[in-house]
Amino acid sequence: MSQDERADRLAAALRDSESWSRRAAAGRQLAAWAEREEVCPVLERLLLDAHDTGVTQETAQALLERRDLVGLRAVLAALSRAEEWWTADQLDGEVFGYQSWMIADDRTDEFVDQLVRLAADQDKGVRDEALRLSRPGEQP
């Protein structure tokens, strides 16, 4: 079975599971394929999980552990669409942890570069979140 087929089966089997731990596992595993268009809506759904912030946390952490623009963009996109305060708070906390890790690991320039690139993203929500992070204390 190809990697694409595995991703599709995993997404279908786990994204709607009633078990928060299975949904969280799906988020962790699907984060590896975040650059695939068909995986993005599933990841967003898991990031904005309506039933458990554990799913949000696990999925966001897996995306941010990629340490790339794709992972950060997915989390910022979900953060911009979060309707529940607890989901937004969880996502914001994960981004803050990522930012702190990048700075502590002497990767500040890389983090700033990611924000600059995302501040020009086609998605207004991603742009606004990137601008908010690049200008602490100000609103975009």
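## Around Asp123

Which residues does Asp123 touch, not counting residues up to four places away in sequence? In this predicted model, the answer is Arg73 and Arg81. Asp123 sits in the loop between helix 7 and helix 8. Is Asp123 buried or exposed? Its relative accessibility is 17%, and the cut-off for buried is under 20%, so Asp123 counts as buried.

At the start of helix 8, one of its side-chain oxygens comes to within 2.8 Å of the backbone nitrogen of Gly125.

## The buried side of helix 8

Let's move on to the helix itself. Which residues of helix 8 are buried? They are Gly125, Val126, Glu129, Ala130 and Leu133. Around the axis they span an arc of only 130°, so they lie on the same side of helix 8. There is a simple bit of background here: an α-helix has 3.6 residues a turn, so residues three or four places apart point the same way.

And what covers these buried residues? The cover includes helix 5, helix 6 and helix 7.

## A closer look at Glu129

Glu129 is one of those buried residues, and it's worth a stop of its own. It belongs to helix 8, which takes in residues 124–134. Its relative accessible area is 13%; since buried means under 20%, Glu129 is buried.

What does Glu129 contact once its neighbours within four places in sequence are left aside? Its partners are Leu76, Leu79 and Ser80. Ala77 belongs in the picture too: Glu129 and Ala77 are 52 residues apart along the chain, yet 8.0 Å separates their C-alpha atoms.

Now for some backbone angles. Most residues other than glycine have a negative phi. You'll find Arg67 in the loop between helix 4 (53–64) and helix 5 (69–81). Its relative accessible area is 38%, so Arg67 is partly exposed.

Asp106 isn't a glycine either, and its phi is positive, at about 60°. Where does Asp106 lie? Look in the loop between helix 6 (85–104) and helix 7 (108–118). With a relative accessibility of 71%, and with exposed meaning over 50%, Asp106 counts as exposed.

Key: Residues are numbered from 1 along each chain as its sequence is written. This is a predicted model: local features need pLDDT of at least 70, side-chain atom pairs count only at pLDDT 80 or more; totals for chains, interfaces and linings use all residues. Side-chain values use heavy atoms; hydrogens and water are left out. Helices (H or I, at least four residues) and strands (E, at least two) are DSSP runs, numbered from the N terminus. Buried means under 20% relative accessible area, exposed over 50%, partly exposed in between (1.4 Å probe, protein chains only). Contact means heavy atoms within 4.5 Å. The arc is that of the directions from the helix axis to the C-beta atoms. A polar contact is a pair of N or O atoms within 3.5 Å; within protein, one must be able to donate a hydrogen and the other to accept it, and residues adjacent in sequence count only if both atoms are side-chain atoms.
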